[in-house]
Amino acid sequence: MGPQCLRGERTEWEQLAKPVSEHKRRCVTEGIQPPSESGAERYWLALSAEDVVFYLPALSDLWLCCLLCRMVTAKVWVLKKHFEGFPKTSDFDLKKIELPNLKDGELLLESVFLSVDPYMRPYSRRDMKEGDIMIGTQVARIVESKNPAFTVGDFVVARSGWRTHFISDGKDLQLLPSSWPESLPRSLALGTVGMPGLTAYFGLLEVCKMKPGETVLVNAAAGAVGSVVGQLAKIGGCKVVGCAGSEDKVAYLKEIGFDEAFNYKTVTSLDEALRKASPDGYDCFFDNVGGEFASIAIDHMKKYGRIAVCGAISQYNDSVPQKGAYIQIPMIFKELRMEGFIVSRWNNRRDEGLKALLKWVVEGKVKCREEVTEGFENMPMAFIGMLKGENLGKAIVKV
């Protein structure tokens, strides 16, 4: 009778077990026959907070066999109630889910960093029902794999929502680039070298079609997307004007190379501030805000100007839709082009964008700033703070 692998409840066996050493842990995890022990002894070890391996003698033969008992419990944030106006912490509910054992082709992952982004606000209304796990993206570490394409210890970007742990078949995972420097925070894969950076990259190149010598306007310029837009426009040889909602943010924009920057909350006239920053107008407008700002900015566009509509954060939390100015007349007389876009349009060119962004970050041509909140339990607070504009750069939660 050879070694057997049994499964059962942890509580049934824990009282029969006692710790084994690190080399015995390696025997089990690497598939090596453990050294023989007296049949009278029982051994166990903790692989992680939720995993236990038991060594038990095989009845009369005293063969060494193991019992692997997986009890991985994931914490998740669910949408308890659809947002009415501005989100509240009471709109979320923290729950626990016990994960099943892995099947062939699957892997177990542990979230390390999670992203909070403006798109979650309108998408939650469009795509989610109450009780669903909040949508979102994370950088996760592979802790167990039964999929030959993924190795334990590797880091990936996943779109598995607000969870501490999850199981995947690997199809929805994106490995971090092999050229990722060890010194570079992996959280940047959720920001400058991730979806927000790609949004800036393709929005400027493919929608705005910026050209050297042109003037680019970007609002919400100190955020995850806007700060990259401005820096890429400078790399592309453009003059860049940005606006943000605090003096600290304005100072940051000047620090990273914006030619002009102003605080839209303190200027007496947005119309005058835009005119002063660029008297000749703007060739490209990268709009993250919408609403009144966009209506006024359109009047400052040059003939044949291009407007990339990336977001409308000024409207996401409105209970009653805003009634804005009509834009058709300036659009006609200036022959403007306005185009809304979602970055997934260029998924087939994702590697191209990430390679360029990573190169510029490593070279120091694109600088990164993150607002990091510690603790999975603070996901709702980080999300609400981001929507209020409390973050400078990319808002991240570290688990």
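A search of the whole predicted model finds 20 salt bridges. This tour stops at three of them.

**Stop one: Arg126 and Asp127.** Select Arg126 and Asp127 and show their side chains. The two meet in a salt bridge, with an N to O distance of 2.8 Å. Colour the pair by accessibility next. Arg126 has 59% relative accessibility and counts as exposed, because the cut-off for that class is over 50%. Asp127, at 43%, counts as partly exposed.

**Stop two: Lys303 and Glu335.** Now select Lys303 and Glu335. Their closest N and O atoms lie 3.1 Å apart, and the two residues form a salt bridge. This pair links distant parts of the chain, its members being 32 residues apart. To see the setting, show strand β16 (residues 301-309), which holds Lys303. Then show the loop between α9 (328-333) and β17 (337-340), where Glu335 sits. Lys303 is partly exposed, with a relative accessible area of 44%. Glu335 is also partly exposed, at 44% relative accessibility.

**Stop three: Arg349 and Glu352.** Move to Arg349 and Glu352. A salt bridge joins Arg349 to Glu352, and 2.8 Å separates the closest N and O atoms.

Notes: Residues numbered from 1 in each chain as written. Predicted model: local features only at pLDDT ≥ 70, side-chain atom pairs only at ≥ 80, totals over all residues. Heavy atoms only, no water. Salt bridge = Lys/Arg side-chain N within 4 Å of Asp/Glu carboxyl O. Buried < 20%, exposed > 50% of the residue type's maximum accessible area, 1.4 Å probe, protein only. Helix = DSSP H or I, 4+ residues; strand = E, 2+ residues; numbered from the N terminus.
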